[in-house]
Amino acid sequence: MKTKDLGDSVQIIISDNANGIEKELQRKIMEPFYTTKEVGKGTGLGLSISYSIIEDHMGEVEIVSEMGVGTKFIVTLPLVS
């Protein structure tokens, strides 16, 4: 995890070196109840709840993913003075 001070906002960058996320799945993973896990192993609410909290704070989430390399979630939140 890394953080960046952008002056009027802050970025939190969370990355991994796993398999990556296919483009078509990137559009779906923030939807409530969407999961790639088998039945009974996940609710599909984790990213949806996180996304809602970020939006409630006027923030944004960007997904940068490369198959076979990994994924970065870049969360940008405005700073309040």
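Biologist: By class, how many nonpolar, polar and charged residues are in the lining of the largest pocket?
Modeller: This is a predicted model, where local features need pLDDT of at least 70 and side-chain atom pairs 80 or more, while totals for chains, interfaces and linings use all residues. A pocket is an open set of 1 Å grid points, over the protein atoms alone, where a 1.4 Å probe fits with protein on both sides within 12 Å along at least five of seven lines; lining residues have an atom within 4 Å of a point. Ala, Val, Leu, Ile, Met, Phe, Trp, Tyr, Cys and Pro count as nonpolar, Asp, Glu, Lys and Arg as charged, the others as polar. The lining has six nonpolar, seven polar and one charged residues.

Biologist: Which residues lie nearest the centre of that pocket?
Modeller: In total, 14 residues line the largest pocket. Nearest its centre are Tyr34, Thr35, Thr36, Lys37 and Leu47.

Biologist: Which residues make up the largest nonpolar core?
Modeller: Such a core joins buried residues (under 20% relative accessible area, 1.4 Å probe, protein chains only) through side-chain atoms within 4.5 Å. Phe73 is a member, and beyond four places in sequence its contacts (heavy atoms within 4.5 Å) include Val61 and Glu62. The five core residues are Ile21, Ile29, Met30, Ile63 and Phe73.

Biologist: Why does Ser15 count as partly exposed?
Modeller: Partly exposed runs between the buried limit and 50%. Ser15 falls there because its relative accessibility is 47%.

Biologist: How far apart in space are Ser15 and Lys2?
Modeller: Residues are numbered from 1 along each chain, and side-chain values use heavy atoms, without hydrogens or water. Ser15 and Lys2 are 13 residues apart in sequence. C-alpha to C-alpha, their separation in space is 8.7 Å.
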